[in-house]
Amino acid sequence: MSSRSQSPRPGGWSSPGLNTPYDSGGRSSPFTNGGPQNVTWASAQARSAEVKGYTAFAPRNQGFFGKHFRRISTSLPFSYAEKEKLGRGRYPNNKFMQMLNRIGWNLWRMRRSVGVILLIVLSYILFYVTPLHRAYRRSSWFGGGSKYVIILAANQGGGVMEWKGPREWAIERDSVKNKKKYTQKWGYDLEIVDMSTKKRYAHEWRESWEKVDTIRNAMRKYPHAEWFWWLDTNTFIMEPTYSLQNHLFKQLGAITYRDINVYNPLNITHPLTDEYLDPETRSPVGDGKVDSINMLVPQDCGGFNLGSFFVRRSVWTDRLLDIWWDPVGYEQKHMEWEHKEQDALEYMYRNQPWIRPHLAFIHQRKINSFPPGACGDKGDDPHIHYQEKDRDFLVNMAGCEWGRDCWAEMYSYRQLSNRLNRNPWEKFKDWISDSIKARKQSKKQSQKKG
Amino acid sequence: MFWLVGRIGRVETGAAIPKLPKVEIGSGPPVVIVTVIDPKADAVWVKRIKQNRDEYAKRHGYLTFFPGHGDYPLGTSPVTWSKVPALRHAMTVYPGSTFFWYLDSTALIMNPSIELQSHLLTPSRLEKLMIVNEPVVPPDSVIKTFGNLKGDRIDFVVTQDKEGLTPASIVVRNGEWAKYFLDAWFDPIYRSYNFQKAESHALEHIVQWHGTILAKLALVPQNMLNAYASGPANPKDGKYKEDDLVANFPGCAKDHTCPTEQKPFFDILDGQRKGDD
């Protein structure tokens with residue numbers, strides 16, 4: 001090949017010869033030959049390389065234009081014979097056409113690989129633009145998203161007795177939207193439970209102990225789901241890009257503790273030592289295996305926190321949900337158990353040994369970070385409070401209805417989450433607008449000073 | 001981030017999988033007979049009671065287990081509660097056994113030739129004997145025993161005397177459900193609640209309020225497991241007659257009359273033994 005003399009390329013003779021991109025003599029006209037003073041070894045080599053880049057022996061008129069222009073032009077009733085001889089069927093000076101032709105030709109030559117790449121890109125786009133990726137993430141074979149259900153309690157403490165203002169509506173709307181987006185993204189199910197409707201039975205003695213019933217109903221409604229995640233209204237998923245599988249369930253052993261002595265704000269005696277109990281029940285960590293965990297509960301500074309917790313479908317869970325509410329316990333303790341199910345669970349954990357081997361505690365900030373104001377005003381407890389730099393998963397504005405501003409907290413965390421999860425283009429835009437703003441301000445300031 | 005690493009490291013060191021003895025349920029003797037003994041009771045009588053169970057167990061390859069009242073953290077609750085942790089204790093001591101038969105010290109095994117499993121505990125036998133749709137508390141409580149339960153799903157066999165469920169003679173199948181059931185039954189709330197009949201009323205309570213317990217329960221005719229030689233027997237089938245497995249004298253422990261009340265029955269047993277020899 002290299003020994004071949006320069007032959008006409010498909011594009012004809014219009015090539016401006018020495019005026020190559022490698023040899024920019026700064027000439028404006030493409031027709032002027034580069035002066036001999038510009039011909040260096042490098043430029044000559046580059047030029048010949050450029051020529052070699054096209055198959056020298058290719059039959060003429062291979063490209064689309066080559067094939068058809070000729071035919072079109074010869075079929076016209078005018079004679080272009082002379083011109084054609086000169087221009088060999090080309091518009092000799094149309095560089096744009098040549099380029100197109102070249103690109104087309106190259107693409108055609110590489111049609112296999114280009115086709116494959118195109119197909120990949122197209123299917124990638126189709127996968128993410130259409131709901132296909134959701135179906136994938138949802139399916140039990142691939143993503144496994146249908147194994148997870150989020151139960152969101154809406155209207156907590158609301159309803160007939162309490163007046164619900166625009167702020168409460170806004171909080172609920174934001175909270176619901178946040179979970180909807182999250183569950184859609186990962187193919188989970190979302191069950192929004194209106195806790196106020198149950199208030200119709202406000203005269204009933206088991207008033208507002210509906211967590212148990214609600215979880216049971218959800219288990220019935222989603223018979224193929226495995227894990228059920230209870231969330232209070234005043235929660236916000238800060239990092240929607242975390243999937244539950246990756247964030248929690250693939251590393252369950254590492255992020256949970258079975259032995260409550262790791263963090264024991266209630267000072268519960270553990271493990272149990274009564275000799276009549278079997279070794280597994282007396283073991284501080286149950287059987288220590290991840291698959292014996294049927295419930296995940298975070299602890300805050302005051303003990304168990306049921307604002308955000310998980311239960312797994314299992315016979316153990318059926319039993320727990322069944323025994324959780326009991327009329328004798330309720331009658332004896334309902335005045336004392338201010339936090340209802342939460343206190344009852346703490347009580348059962350203390351007094352019914354069968355619960356311990358299957359309940360694991362999860363580090364609070366994995367699923368239930370607190371804002372400042374809950375468990376200490378400073379918000380600086382590294383086990384409890386939200387840390388922006390660690391990109392905590394969820395914020396639970398626990399207790400914000402007691403003297404704090406729920407809506408302000410929800411709003412600021414929503415904004416923060418949006419800011420933290422901008423895509424690169426948004427970051428770029430924000431960077432520009434920010435820098436413009438900054439410049440304007442500095443100008444103003446300097447003017448003021450001036 | 002460092003915080004997380006630190007915490008994870010801390011937990012992983014603590015979360016080493018403990019070495020727990022792994023004993024397959026069913027690998028040991030099929031039945032363990034559990035009787036709680038009052039340490040203050042007449043020693044001769046206690047010996048005879050133990051002998052009564054030991055002989056029966058030996059004949060069929062079962063085991064016996066005789067803890068005392070004081071072995072368990074009952075606090076101020078009535079001592080009759082001790083049967084609940086005693087069953088759990090027996091399961092801890094003999095984890096390979098399948099059925100745990102709690103029999104009050106007031107009862108005597110009168111027909112040692114009856115093999116408990118084939119007599120009562122095989123799935124087909126249970127399905128045949130189970131009393132379904134029966135009010136848990138006679139005569140007319142709203143909660144009735146479940147119909148269409150499968151015999152192999154039954155974990156708890158109990159009888160009913162004239163007044164209600166009686167835990168004087170019960171069979172519990174070893175397993176996770178048993179732990180749940182016994183621990184829930186033994187909850188301090190029930191023990192301190194002042195149920196009129198202590199653990200029997202607590203049992204009636206949890207059976208009626210918790211479906212996961214009722215669904216494992218088989219109510220069988222009283223004379224299959226707990227025939228009364230004296231006391232408020234179930235009018236249908238509670239009265240002791242010859243060849244019944246058990247003769248129970250429910251009030252005798254409280255009245256300290258067991259040795260005298262049971263004397264004629266011990267005599268019969270002695271006669272049987274002679275006949276066998």
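Which residues of chain A form a nonpolar patch on the surface? In this predicted model, where local features need pLDDT of at least 70, side-chain atom pairs count only at pLDDT 80 or more and totals for chains, interfaces and linings use all residues, the patch consists of Phe96(A), Met97(A), Met99(A), Leu100(A), Ile103(A) and Leu107(A), with about 540 Å² of accessible area together. Residues are numbered from 1 along each chain as its sequence is written, chains are lettered from A in the order in which they are written, and side-chain values use heavy atoms, with hydrogens and water left out.

Met97(A) lies in helix 4 (residues 95-109) of chain A, a helix being a DSSP run (H or I) of at least four residues, numbered from the N terminus. Because its relative accessibility is 30%, Met97(A) counts as partly exposed, the class between buried (under 20% relative accessible area) and exposed (over 50%), with a 1.4 Å probe and protein chains only.

| Property of the A–B interface | Value |
|---|---|
| Residues from chain A | 46 residues |
| Residues from chain B | 39 residues |
| Buried area | about 3700 Å² |
| Share from carbon and sulfur atoms | 63% |

Contact here means heavy atoms within 4.5 Å, and buried area is the accessible area (1.4 Å probe) that two parts lose on being put together, summed over both. Three salt bridges are found across this interface, each requiring a side-chain nitrogen of Lys or Arg within 4 Å of a carboxyl oxygen of Asp or Glu. Asp278(A) and Arg88(B) also join their side chains in a salt bridge, at 2.8 Å from N to O.

Note on methods. Patches are made of residues with over 30% relative accessible area and no salt bridge: like charges are joined within 9 Å, nonpolar side chains (Val, Leu, Ile, Met, Phe, Trp, Tyr) within 5 Å. Accessible areas come from the Shrake-Rupley method with a 1.4 Å probe; for residues, only the protein chains shown count as cover. Helices (H or I, at least four residues) and strands (E, at least two) are DSSP runs, numbered from the N terminus.
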